[in-house]
Amino acid sequence: MRFIFFITLLAIVFPCQAQIKEFAHLYDIDLAETIPDTVQLEKEYRKESSNYDWRYNYSWNMPSVFDTEFSRNIKRFGAIEKRIDSEKEDALLRSIKRLPPAYYPYIGPVLHTVPGLSGKILDLPGIKETKNKFPEHVASPLAGIPNLEFVSPELYIFLMPQIWGEGLNTLEFPEIKQKSVNHPPVRIKKEFINTLLERTPSSDFAINKEKKEKSKGMRHYNATKETPLSEADVTAFIQTLPALRKFQDGRENGISFIGMGVLQNYWDQKNGIDKNVSFLKGVVNPCQNIVRKAQWLGRRYDLQQIVGTQAFGLEDWAYTCDKTIKAFRAASQNNAYTSSFNLLRKGYFYQMINQAGYYTPEERMTHKYFMEAVLQAFSSNQNDIDAVRPHLKQLRKELEAFDLNMLGSPLILP
């Protein structure tokens, strides 16, 4: 059930206008924070990570008493060894049958590793044949990775070409039959047509009519988190991306920003922030996360040189960038995905998690953190979406050139 829920969650990561108040500021990034001594912090982190206790790798290191975390994991594993009861089993079976058969090679192998799963599921046509079998078709960006066949079956779903936007037309969903309805003929009054022609002369729609250049709106030079986007803002932001990509590829800048992200996550956890929240901040607000790393690395000047060519300051560039990316995600979805995403917004998956007895309180909270991050990462408003919509094609081209990672911040693109 947990795996199928994860697959379902992947399929519904799409735009949403509402956010739950409880998590409204959970993923905010404070760009005015006091920066710690990063040299000392790195020494502390290295010492702590190098002294990590791997516990029970060897029998001669086995202590007489389990620690709390290991004990909890062992008990949980023992609890799921029993057979799944019929109600949950049937629900799982229905969920699998709702998926297109194209999913089976990517979810079937891991289902065969789940303890206690019955033949009702494992012998399902299409699932049965996938036992211990590596998928035949792998997404093009991953196909050349050496020894890819040794990856865990839990990651097979990420190898699916359709997840990367390839071969979407091969997914066959169950056909929805609709009853035909005989609509009465629509009669339009002649007076209405005459009034319409008076107010909208046909000359306005002539093929050779001279086009008036549409205004791109006001350029906001000191943007905040609340400042609405204009097309002028979006255009200026796009023009900073080629130089930013060149900066990322030079002098191992990308590696240093990724490394600083690890150190910041460690610092956040030391200060009471959940490890999942610390990571997800960069998913929800990737560009504010970049500026935060630049400040910690002492690279503000280098980044300012790039964004300053379009009259941005670092902070207003970060806010403009994050709003543009969120609006891009929202504007790139279709109605089917929007409807699916609304199920997440309305809390149906919260109810599923809370009713599932095999989740620990920590696991329930982790799922909620991820779902709330999805809500915020794909939330926008109509003004920002309208500003971004004319530039969708160019935005996709520029953002995809970063290979889903912009200076250590993951780019979640639809």
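Searching the whole structure turns up 1 disulfide, a disulfide being a pair of cysteine sulfur atoms within 2.5 Å. The partners are C287 and C321, with their sulfur atoms 1.7 Å apart. C287 belongs to helix α12 and C321 to helix α14 (residues 314-331), so the pair ties together parts that are 34 residues apart in sequence. Helices here are DSSP runs (H or I, at least four residues), as are strands (E, at least two), numbered from the N terminus. Both C287 and C321 are buried, where buried means under 20% relative accessible area, exposed over 50%, and partly exposed in between (1.4 Å probe, protein chains only).

A word on the ground rules: this is a predicted model, with local features needing pLDDT of at least 70 and side-chain atom pairs counting only at pLDDT 80 or more, while totals for chains, interfaces and linings use all residues. Residues are numbered from 1 along each chain as its sequence is written, and side-chain values use heavy atoms, with hydrogens and water left out.

Back to α12, which covers residues 286-297. Among the buried ones are P286, N289, R292 and W296. After the helix comes G298, with a positive phi near 70°.

Helix α10 (residues 253-270) supplies Q264, which counts as buried at 2% relative accessibility. Setting aside neighbours within four places in sequence, Q264 is in contact (heavy atoms within 4.5 Å) with S278, N289, R292, K293 and W296. A polar atom of the Q264 side chain also lies 3.4 Å from the backbone oxygen of R292. For the record, a polar contact is a pair of N or O atoms within 3.5 Å; within protein, one must be able to donate a hydrogen and the other to accept it, and residues adjacent in sequence count only if both atoms are side-chain atoms.

On to the aromatics. Rings of Phe, Tyr and Trp (its six-membered ring) pair if their centres lie within 6.5 Å, with planes under 30 degrees apart called stacked, over 60 edge-to-face and the rest tilted. By this rule the count is 5 aromatic pairs. One of them, F134 with Y156, is edge-to-face, at 5.4 Å centre to centre and 85° between the planes. Both residues lie in the loop between α6 (119-122) and α7 (190-199), so the pair ties together parts that are 22 residues apart in sequence. F134 counts as partly exposed at 25% relative accessibility, whereas Y156, at 7%, counts as buried.

W164 is found in the loop between α6 and α7 too, and counts as partly exposed at 35% relative accessibility. Not counting residues up to four places away in sequence, W164 touches A139, P141, L142, F158 and L404. The backbone oxygen of F158 lies 2.8 Å from a polar atom of the W164 side chain. W164 and P414 are 250 residues apart in sequence but 9.1 Å apart in space, C-alpha to C-alpha.

Finally, a charge sits over a ring if NZ of Lys or CZ of Arg is within 6 Å of the ring centre and within 35 degrees of the ring normal. The charged end of R219 sits over the F312 ring, 4.3 Å from its centre.

Key. The expected span of a helix is 1.5 Å times one less than its number of residues.
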